[in-house]
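The following note is intended for a colleague who is new to this structure. Its points proceed from the overall chain to individual residues.

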Amino acid sequence: MQLDNDAFHKAYVLIIPDKIILIFLPAYSPELNPSEKMLQKIKGDFTNKYFNNIDKLTVSLLWNL
């Protein structure tokens with residue numbers, strides 16, 4: 001399982017099944033995290049835009065994916 005290096009992904013007491021291996025991304029490497037790329041696209045598509053209601057926001061979001 002790939003995880004970013006955030007503190008809430010680490011615990012002192014954590015039970016991990018034998019077949020699961022935790023792989024942490026290097027610190028300060030958002031370019032390696034696939035979710036960061038999606039968030040960057042969403043932020044770029046919605047920056048400085050006004051939506052009158054949630055329906056218009058939803059349509060815009062679905063249209064841009």
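1. Helices here are DSSP runs of H or I of at least four residues, and strands are runs of E of at least two, numbered from the N terminus. By that rule, the protein chain of this predicted model holds two helices and two strands. Their order along the sequence is β-β-α-α.

2. How much of the protein chain is buried? Of its 65 residues, 11% count as buried. The accessible surface of the chain comes to about 6,100 Å², and carbon and sulfur atoms account for 63% of that surface.

3. As to contacts, those between residues at least 6 apart in sequence may be considered. Among them, 10% join residues at least 24 apart.

4. Which residues make the nonpolar surface patch of about 360 Å²? The patch is formed by Met 1, Leu 14, Ile 16 and Ile 20. One of these, Ile 16, is located in the loop between strand E1 (2–3) and strand E2 (23–24). Ile 16 has a relative accessible area of 35% and is therefore partly exposed, a term that covers values between 20% and 50%.

5. Is Tyr 28 buried or exposed? This residue belongs to the loop between E2 and helix H1 (34–46). Because its relative accessible area is 82%, Tyr 28 is classed as exposed, the cut-off being over 50%.

6. Tyr 28 may also be considered together with Asn 5. The two residues are separated by 23 residues in sequence, and their C-alpha atoms are 8.4 Å apart in space.

Technical notes. Residues are numbered from 1 along each chain as its sequence is written. This is a predicted model: local features need pLDDT of at least 70, side-chain atom pairs count only at pLDDT 80 or more; totals for chains, interfaces and linings use all residues. Side-chain values use heavy atoms; hydrogens and water are left out. Buried means under 20% relative accessible area, exposed over 50%, partly exposed in between (1.4 Å probe, protein chains only). Contact means heavy atoms within 4.5 Å. Accessible areas come from the Shrake-Rupley method with a 1.4 Å probe; for residues, only the protein chains shown count as cover. Patches are made of residues with over 30% relative accessible area and no salt bridge: like charges are joined within 9 Å, nonpolar side chains (Val, Leu, Ile, Met, Phe, Trp, Tyr) within 5 Å. A salt bridge is a side-chain nitrogen of Lys or Arg within 4 Å of a carboxyl oxygen of Asp or Glu.
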